[in-house]
Amino acid sequence: MSTAKHNLLGMPRDELEAFVAQLGFKPFHARQIMKWIYRRGVADFDAMTDLSLKLRAALAQTAEIVEPEVSTSQASRDGTRKWLLRMGEGQRVETVYIPETSRGTLCISSQVGCALDCSFCATGAQGFNRNLSAAEIVGQVWLAKKALGEYETGERIVTNVVLMGMGEPLANYRSVLPALRIMLDELGFELSRRRVTLSTSGLVPQVRRLGEECNVALAVSLHAPNDPLRDQLMPINRKHPIAELLEACWHYAGEQTGRHVTFEYVMLDGVNDQPKHARELISLLRNRPAKVNLIPFNPFPGTEYSRSPKAVIENFRDMLLGAGIRATIRRTRGDDIDAACGQLAGRVNDRTTARLGSKTFQVTVQA
Ligand code: SAH
Ligand code: SF4
């Protein structure tokens with residue numbers, strides 16, 4: 001039965017080589033297998049025609065290539081696509097594709113829910129359920145490429161990948177690292193480091209580790225320019241306050257000249273969007289390798305916050321620009337299908353209780 005088989009999707013190159021060797025074949029065949037999977041979108045061992053019949057038979061007996069199951073897929077008026085993926089009983093995550101003129105960005109999830117409980121986030125409000133495996137993370141890219149016709153046309157459709165969907169990727173370091181490696185591998189999805197971005201709420205030890213092990217582009221959810229406010233919006237700040245987080249960021253960026261860290265800053269009406277907040281932010285980021293991405297807040301049912309008015313967001317951006325800090329306003333995409341930042345809650349007909357430490361979360365999801 002399939003449960004006993006090894007899923008080759010998401011298996012790093014060295015592990016795949018060991019797996020092939022264990023079957024009694026030369027490890028270099030792993031290279032061919034990877035090309036079939038990631039470069040050609042092939043899951044059927046029989047179709048891997050440059051492998052011997054013996055190896056194909058051995059693979060068919062012991063291995064499989066299985067992607068997450070698509071529960072529904074939706075397309076927005078603006079071309080954004082969203083897939084709701086089934087990750088087991090009552091567990092759903094979302095993957096979003098955002099086409100732009102010069103690139104196509106895939107936003108993928110790393111966990112079912114999130115334990116970090118940021119007060120403005122729909123995923124956080126849902127609670128934490130479980131970590132995704134490397135196969136489930138890599139599988140999101142694989143299935144999107146297939147659904148978008150990339151393998152048929154040979155044209156690069158997914159040019160960028162961002163870990164900005166559901167979950168805190170650095171809280172699932174063990175699966176995220178191999179998944180990142182496959183995204184960068186020349187036998188994998190062959191993306192450059194600049195085109196893969198990991199967004200974190202600020203798990204400092206893992207930021208440092210990532211800098212050493214897989215220096216992809218880093219985005220940090222800052223959202224507040226001082227500790228009391230950030231404590232209130234993001235409980236993780238009580239563990240890793242702003243100064244400690246920024247120090248890790250400068251270290252991360254400093255490893256290679258010309259690199260920067262992107263700071264995400266959600267614009268919450270009357271909460272963190274005033275000129276005094278902009279001034280505080282300027283003093284934190286001025287003359288640093290930093291870029292700011294202002295995200296207009298996306299409301300979700302039950303939230304206490306509302307989106308800052310456009311003029312307030314623009315004024316905030318202009319203050320940053322005036323101080324020489326690169327700043328942009330994120331365009332909201334796919335909000336008609338709840339695919340915008342922070343709206344990803346994987347709504348399903350289910351109620352699950354997930355335990356995390358001493359805290360019990362009610363994971364409530366709606367149809
Ligand atoms: N857990 C990671 C990555 C996923 S969230 C992180 O927090 O960085 C992706 C981005 O969307 C983060 O910057 C997050 O703070 C932001 N976000 C969360 N809820 C939002 C909302 N309701 N409106 C706009 N952005 C939101
Ligand atoms: Fe988790 Fe990120 Fe949402 Fe915070 S903003 S609850 S870290 S997904």
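Which ligand 1 atom is 3.2 Å from an N or O atom in the side chain of Glu-264? Select Glu-264 and ligand 1 together: the atom is an oxygen of the ligand. Such a polar contact is a pair of N or O atoms within 3.5 Å; within protein, one must be able to donate a hydrogen and the other to accept it, and residues adjacent in sequence count only if both atoms are side-chain atoms.

This is a predicted model, in which local features need pLDDT of at least 70, side-chain atom pairs count only at pLDDT 80 or more, and totals for chains, interfaces and linings use all residues. Residues are numbered from 1 along each chain as its sequence is written, chains are lettered from A and ligands numbered from 1 in the order in which they are written, and side-chain values use heavy atoms, with hydrogens and water left out.

On Glu-168, a polar side-chain atom lies 3.4 Å from a nitrogen atom of ligand 1. The protein covers 95% of the 530 Å² of accessible area that this ligand has on its own (Shrake-Rupley method, 1.4 Å probe; for residues, only the protein chains shown count as cover).

Turn to ligand 2. Among the residues around it are Cys-114, Cys-118 and Cys-121, and Glu-168 and Gly-167 are also there.

Finally, colour the open sheet of 10 strands, ordered β3-β4-β5-β6-β9-β10-β11-β12-β13-β14 with mixed pairing (strands pair if DSSP finds at least two bridges between them). Its edge strands are β3 (69-75) and β14 (326-329). Within it, β9 (residues 160-163) and β10 pair in the parallel sense over 3 bridges, and Val-161 stands opposite Val-196 in β10.

Notes:
Helix = DSSP H or I, 4+ residues; strand = E, 2+ residues; numbered from the N terminus. Near = heavy atom within 4 Å.
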